[in-house]
Amino acid sequence: MRKQQQIWHDEHANQGTLPTMANAEPASGVILFTEWLKSQRVAPAGKVVDIGAGKGRNSVHLAKVGFEVWALEYIESAITVAKQLAEKNDVGSKIHFELAEVDTDWKIDDNFFDLAIDSFSSIDIETKSGREKCRDEMYRTLKPGGYALVTVCSTEDEWEKELIANNPGPEPNSTIWPQNGKFQKDYDETELHDFYDKFDVVELRTISKPGFKLGRNGTVTNLWVVLKKPTQ
């Protein structure tokens, strides 16, 4: 098991640094995305990939809204919990759970998905080449004209700003969390635009809200971006 994978295995078991890992409610950014889709008159139907689905909270939300979901996750124990959550919410038949490493080739056809969700998942891929592979697979499997939601931690987040200064990772705007050794890649707006330059950026918002992380309360600052795969 890779080091980062072992860290996430332990985090799913203990919620030691991120208590929200225990939440069954969907991420606020994913709720906002489904509301945004409704405002754009995008029908709640079709196929969506949940990249790094964790314990399934976002997959279940998407299935309850009306989508057929492919939940990709590389922690087997998290998938077990996610399946239980799906059954509890009567959407087990609408979610396809796959044990998969998202920084490798996906066993999915080109132009397969109508939508994609990356809710704070690819930021924990420990190499730039791995994140690029995940991005490129998302692009490849998304239909032309399809939308993708990506949420990441901003470099302006109060915890991340401290970590970048005091516990920097091997790349610009990356960190190694001292509590558990977890790698994380953070972004500013320019870097986010550059990284997803194959997509059209439809909307980009900076979202700040109260939060609890690494043992203390504070203000979380994230970047919420809607991408669109060009039709040509």
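Predicted model: local features only at pLDDT ≥ 70, side-chain atom pairs only at ≥ 80, totals over all residues.
Residues are numbered from 1 along each chain as its sequence is written, and side-chain values use heavy atoms, with hydrogens and water left out.

Visitor: How many salt bridges does the count come to?

Guide: A salt bridge is a side-chain nitrogen of Lys or Arg within 4 Å of a carboxyl oxygen of Asp or Glu. By this rule, the count is 15.

Visitor: Which residue forms a salt bridge with Arg131?

Guide: Arg131 lies in helix H5, and its partner sits 40 residues away in the loop between helix H6 (158-166) and strand E6 (174-176); helices (H or I, at least four residues) and strands (E, at least two) are DSSP runs, numbered from the N terminus. The closest N and O atoms are 2.4 Å apart, and the partner is Glu171.

Visitor: Is Arg131 buried or exposed?

Guide: Buried means under 20% relative accessible area, exposed over 50%, and partly exposed in between (1.4 Å probe, protein chains only). Arg131 has 2% relative accessibility, so Arg131 counts as buried.

Visitor: What is the N to O distance in the salt bridge of Arg140 and Asp110?

Guide: Arg140 is in helix H5 (residues 128-141) and Asp110 in the loop between strand E3 (95-99) and strand E4 (113-119). Their side chains meet in a salt bridge, N to O, at 2.6 Å.
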